[in-house]
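Subject: Structure handover

Hello,

Here is the structure for you to look through. My notes follow below it.

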Amino acid sequence: MFNNLITSKAIGYYMTVLILVNLVFFSHFMSLTWWLFGIVAVVVFFKGGQNLARKWEKLPEKQFVKKLFQTALIIRIIVVVFLYYFYLLMNGTPYEFWAGDVGFYNYLAEFGAQCIWDGKYDLTNQFLTQDNTIAFSDMGYPVWLSMVYAVTAKSILISRIIKAVFSAWMVVLVYKIANRNFGQEVGRLAAIFVLLMPNFLYYAASTLKENEMVFLTVLFVERADYLLRGKDFSFKAILPILLIAGTLFMFRTALAATAIFALFTAVFLTSKRVLKMQKKIVLGIWVFATIGFFVGGTVANEIEELWSNRRGNQEAMLQFRATRDGGNQFATYAGAAVFAPMIFVIPFPTIVDVYGQENQQLIHGANYVKNILAFFVIYVLFHLIKTGKWRDYLLLGAFTLGYLLVIAFSAFAQSERFHLPALPFLLIFAAYGVTIFDWKKHGKYFNWWLAFIFVAIVGWSWFKLAGRGLV
């Protein structure tokens, strides 16, 4: 149960480390604006989540789902409108700080919208006329955003309100997945976690592709999970999954490949309690056909290139971060050997003032929430292995672990936004961990975890400053 013990300790440790770190590194005191963002994020998640879990506990399912979607949508629209004008005030544009990819997507979408108005509907070819280096995995989001811009007169604010609708829908999908796998108590708590998780609020208010990409990922897993656990395994049932997988390849190659891998793993290794042999055979044929369809041409080339460059890309990125102007000279000491064991936990929050890292400071409260919930994810991992039930949840487990390992060996292991597709499933496992956690037997381990996170954040703050020669 999401009890007051978790809430009070999580908030208490957060406030303590926030004050302590900024006093110790006083010359790099973080702006009180980011303090406020962090405090609101942490308090609303833990205190608000606890209150909603109790308030909605006895609601009939239809009423719960209705309230869930409505509340998620209202919160997201409020955040979208607030951050739109906040960014406008701070930056002079409605985009986040140091917006790099945003400019690229916005440029292509405005161009694509104009193409649609001119009757040129072959957008992928039109994009290539502008920049023939655009990869296949970069096409999906600009095509979608072009269509949105075309019908909204290129309105950034309205396009983000549409993002809020998809994000709210994603919350309901998470409820369905968690409820189907772990029961109603876990389903409701997982949905509330996703409802209040600050990361999803921030990206609904951004022109980056993460919001839509996470929605598609959750939709893929929900439909695949329904297929595996339901009675219908006809082509009609699997067709939506194939279409969503194909769309994902146009958003991020590694993500789509991991989703297909997770489905493949689930079909062949899920226990007979969940998936009978007859169904495994039929679904196995469909999965092989799917792999055969995607493994060819452009997609296969991108997957091969991604795999062959996995080590060099990470090393090159770490070297760049160490040597660039304002970079961290300690970055070269990191790598997959450091990131992989910590992949459920990282990134740690940035709670000191570092030039050029306003976005990280704005979202530091969200990173702290993930740091705390990672304990319950790890707890569930041990629980499932110990009880031998890990094969009952292979679709969720294979995707989450597979994607996070891909990120750990990539150039973006420490980048919060690249972790986002796995976050809904981490929150499902965290909700399950919270509901089965034995406080009498294992409560001390949670206290140890809080102490570890406390020390890690202090150490990370020193790392941020010392690597730049600031302390």
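First, the ground rules. This is a predicted model, in which local features need pLDDT of at least 70 and side-chain atom pairs count only at pLDDT 80 or more, while totals for chains, interfaces and linings use all residues. Residues are numbered from 1 along each chain as its sequence is written, and side-chain values use heavy atoms, with hydrogens and water left out.

The whole chain
The chain has 21 helices and zero strands. Both are DSSP runs numbered from the N terminus: helices are H or I with at least four residues, strands are E with at least two. Of the 471 residues, 55% count as buried. Buried means under 20% relative accessible area, exposed means over 50%, and partly exposed is in between (1.4 Å probe, protein chains only).

Nearest its centre lie Val40, Ala41, Val79, Leu201 and Tyr202. A pocket is found on a 1 Å grid over the protein atoms alone: it is an open set of points where a 1.4 Å probe fits, with protein on both sides within 12 Å along at least five of seven lines, and lining residues have an atom within 4 Å of a point.

The core
The largest nonpolar core has 163 residues. Helix H7 (residues 156-182) gives the most to this core, with 14 residues. Such a core is a set of buried Ala, Val, Leu, Ile, Met, Phe, Trp, Tyr and Cys residues joined through side-chain atoms within 4.5 Å. Phe376 is among those with the most contacts inside it. Beyond four places in sequence, Phe376 is in contact (heavy atoms within 4.5 Å) with residues including Ile6, Phe429 and Phe446.

Two buried residues
Glu416 sits in the loop between helix H19 (394-408) and helix H20 (423-436). Glu416 counts as buried because its relative accessibility is 12%. Its side chain makes a polar contact with the side chain of Asn199 at 2.8 Å. A polar contact is a pair of N or O atoms within 3.5 Å; within protein, one must be able to donate a hydrogen and the other to accept it, and residues adjacent in sequence count only if both atoms are side-chain atoms. Glu416 also touches Pro347.

Ser461 is in helix H21 (residues 439-466). At 1% relative accessibility, Ser461 is buried. Its side chain reaches the backbone oxygen of Ile457 at 2.8 Å.

Backbone points
A cis peptide bond joins Ile346 and Pro347, with omega about 5 degrees. Pro347 is in the loop between helix H16 (336-339) and helix H17 (358-362). Ala153 is not a glycine, yet has a positive phi of about 60 degrees. Ala153 is exposed, at 59% relative accessibility. For Lys154, phi is near 60 degrees, also positive. Lys154 is partly exposed, at 26%.

Best wishes
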